[in-house]
Amino acid sequence: MKTLRQLFSKETFKTPGGKLSAAVFGAFALAAAYAAGQDHDVPLTIMPSHTPHSQYMQEMNSLFRDANPDHKIVIIDRDWMVLNAAVNRIDPKDEKQMGRLLGRYIEDNLGFRLTSESLENMLEEPGEESPLAMVLGHEHSLRNHKDEPNPVCVVYPVPHTTDADGALRSMLQYAPSTYGRLFDPAISSHESRENILETVDFHEVAGHCLDNKYVPEKDAIVDAARSGKSPQIDDYIIATHKSETFADVMGLLMQVKEKGTADMAQPAADRRMVIAAFTSTATTRKAASALVTPTQGNSFGLFIPGKHDDVDEDFLIAKPVMGVIYMTVPALDEAVRYIDTHGVAAIQTMSHDELRAAAEKIVDDNALTLEEMLVIFNAMKDPGYFDMVKQKRHDDPDFVEPYDTLKFFYQRAELAVNRVLGKTTKNASLECRADEIVAAAPEQDSVPDMKNSGCGYAYSYADIRPAVPDDKDMAQWEAMKRQQIIMNAEALHREIVQNGGDAEAIAQSFHNAQSYYNQMMQMDDPQARMAASMNLQILPDALNLAVLYVKDNVPVKPPLPPFMMPMMPGPGV
């Protein structure tokens, strides 16, 4: 999503005659005046957020704040940040003021302040929100946060702005160019929205913030590279794989403990397998052109520059290997067996230390070895690799284990596809499944015709209806989004003014809009849920614009006709 300033640029709103549209001139002028209207010395006005997501964040913070004796844990409430940025008229791109606001949130939750440098470094880019966990104040901390006096793990949760179907599509990166004939624009989730999204949150909070073993091992390799030693890429990739595997396993065990059900366990493992087989394969194939011959101290062919004095995570890990790093399914399958064997009731009685020990054993026994990672990586990268291994295993015993590894990979993928997507390949042998899984990369315009492959099926890109607009439609999509921001802003503006125009009025209008769209999210109609999701995503920009309308005494517009009401916040329409 673009920032408010980008959405309301002058060029965007020029009419065919070259003049700025009068209907939106005020919107641009207000957005451009954001920074000019701020006084950095004015004390912050803080309003509590009571949205469903904020209530969930309060529960998670209470649960995990003191869960790790090595550091405090704090989970950022994005709704709180959005509301209080609007109340204080803070431009989301003003790093100093947003850092100040973030610092206030952390101080209110933990009782101590972080350095301004740490706060500004950990800010999200507006419109690019994603789940993330950062450990500060430890010797092994990355991102220049070693000197933070109070050790803390800061977590950004996954945005809770989609319904279950949208959450599944987003997590799978579900697109026709990646999933071929298995793509269905009408895909529906068999899981609840909460189960899917909370699995991601528990991965970050319980998985990474409670990890006292694998994250330090991984970061020690980065520290060594920073001090001038040659980066040990293979070791780093294995360490990163283990840290992500631990996050998946520990997060799942903690989710079962806290939620009192194992309903999310098997689906979590299946989703990881689908992602590995399709999304990760496509990403690896797309990035394979950046690989070189494995002669630079790593087995994966990553290009390693000669200067290592400023190395960090992004430097050591390239997109081609991220897919195999997140191939955590063997350990997740073992975690599912562990849950089934011990039972939910027993897991609920286990302490964090006991769960951590169980998760570490599962990881140590089931994480991929370097050899297994290389086999899967090569199969993701090269569509002919599986056929080569299959043929050579008869004459060369060195290819027997690689074949068994890939046989598990593709057969497990077939099972996961059946469970997650509700589809199976037709008359497809193992070899054909391998072909299908690696058939297309995101940059390709078409899916290969497989009529003559012997697999018993054929498909083409022309038969698949994309779930998202093509590039040529993006201008229209952005225009619709801008219009939706303006309509939401006008409805919010009207309600804010009616309620007195102060901070409490802003908070009440924000809560009413959130409540309205979250109720829409529970409807049976998928179109209503899609509309609610879009409006929740643009609500921060709409609220900022509404507050600027109030500040500049822009006349309140009358309510829209009834047929427009479902797309708008209820009480203020």
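Which helix gives the largest share of the lining of the second largest pocket? That is a handy place to start exploring this structure, which is a predicted model.

## A charged pocket lining

The helix in question is α5, which brings six residues to the lining of the second largest pocket. Helix α5 covers residues 95-110, and α6 covers 116-121; each of them supplies at least two lining residues. The pocket itself holds about 250 Å³ of space.

What sort of residues line the second largest pocket? Six are charged, three are polar and three are nonpolar. If you want to find the spot in the 3D view, look for Lys-96, Arg-100, Arg-104, Glu-107, Arg-113 and Glu-120, which are among the lining residues. Leu-44, Leu-114 and Leu-119 are part of the lining too, and so are Gly-99, Gly-103 and Ser-116.

Next, the inside of the protein. In soluble globular proteins, nonpolar side chains tend to be buried together. Here the largest nonpolar core has 51 residues, and those with the most contacts inside it are Leu-172, Met-273, Phe-300, Leu-406, Phe-409 and Leu-421. The biggest contributor is α20, with eight residues.

Leaving aside residues up to four places away in sequence, Leu-421 touches Leu-172, Tyr-174, Tyr-179, Leu-182, Ile-187 and Ala-416. There is also a second, separate core, made of 41 residues, with Tyr-214, Leu-253, Val-256 and Ala-331 among them.

How many salt bridges does a search of the whole structure find? The count is 18. One of them pairs Asp-165 with Arg-529, with 3.1 Å between the closest N and O atoms. Asp-165 sits in helix α7 and Arg-529 in helix α24 (residues 526-551), so this bridge ties together parts that are 364 residues apart in sequence. Are these two partners buried or exposed? Asp-165 has 14% relative accessibility, so it counts as buried. Arg-529 is buried as well, at 13%.

Now try Lys-361 and Asp-365, whose closest N and O atoms are 2.7 Å apart in their salt bridge. Lys-361 is exposed, with a relative accessible area of 52%, and Asp-365 counts as exposed at 51%. The cut-off for exposed is over 50%.

Lys-557 is in the segment after α24, while Glu-490 is in helix α22 (residues 474-498), so the bridge connects parts that lie 67 residues apart in sequence. Lys-557 counts as partly exposed at 42% relative accessibility, whereas Glu-490 counts as buried at 16%.

Finally, some salt bridges share partners. That is how Asp-270, Asp-333, Arg-412 and Arg-419 end up joined into one network.

Terms used: Residues are numbered from 1 along each chain as its sequence is written. This is a predicted model: local features need pLDDT of at least 70, side-chain atom pairs count only at pLDDT 80 or more; totals for chains, interfaces and linings use all residues. Side-chain values use heavy atoms; hydrogens and water are left out. On a 1 Å grid over the protein atoms alone, a cavity is a set of points where a 1.4 Å probe fits but cannot get out, and a pocket is an open set with protein on both sides within 12 Å along at least five of seven lines; lining residues have an atom within 4 Å of a point. Grid points are joined across faces, edges and corners, and a volume is the space filled by probe spheres set on the points. Helices (H or I, at least four residues) and strands (E, at least two) are DSSP runs, numbered from the N terminus. Ala, Val, Leu, Ile, Met, Phe, Trp, Tyr, Cys and Pro count as nonpolar, Asp, Glu, Lys and Arg as charged, and the others, Gly among them, as polar. A nonpolar core is a set of buried Ala, Val, Leu, Ile, Met, Phe, Trp, Tyr and Cys residues joined through side-chain atoms within 4.5 Å. Buried means under 20% relative accessible area, exposed over 50%, partly exposed in between (1.4 Å probe, protein chains only). Contact means heavy atoms within 4.5 Å. A salt bridge is a side-chain nitrogen of Lys or Arg within 4 Å of a carboxyl oxygen of Asp or Glu.
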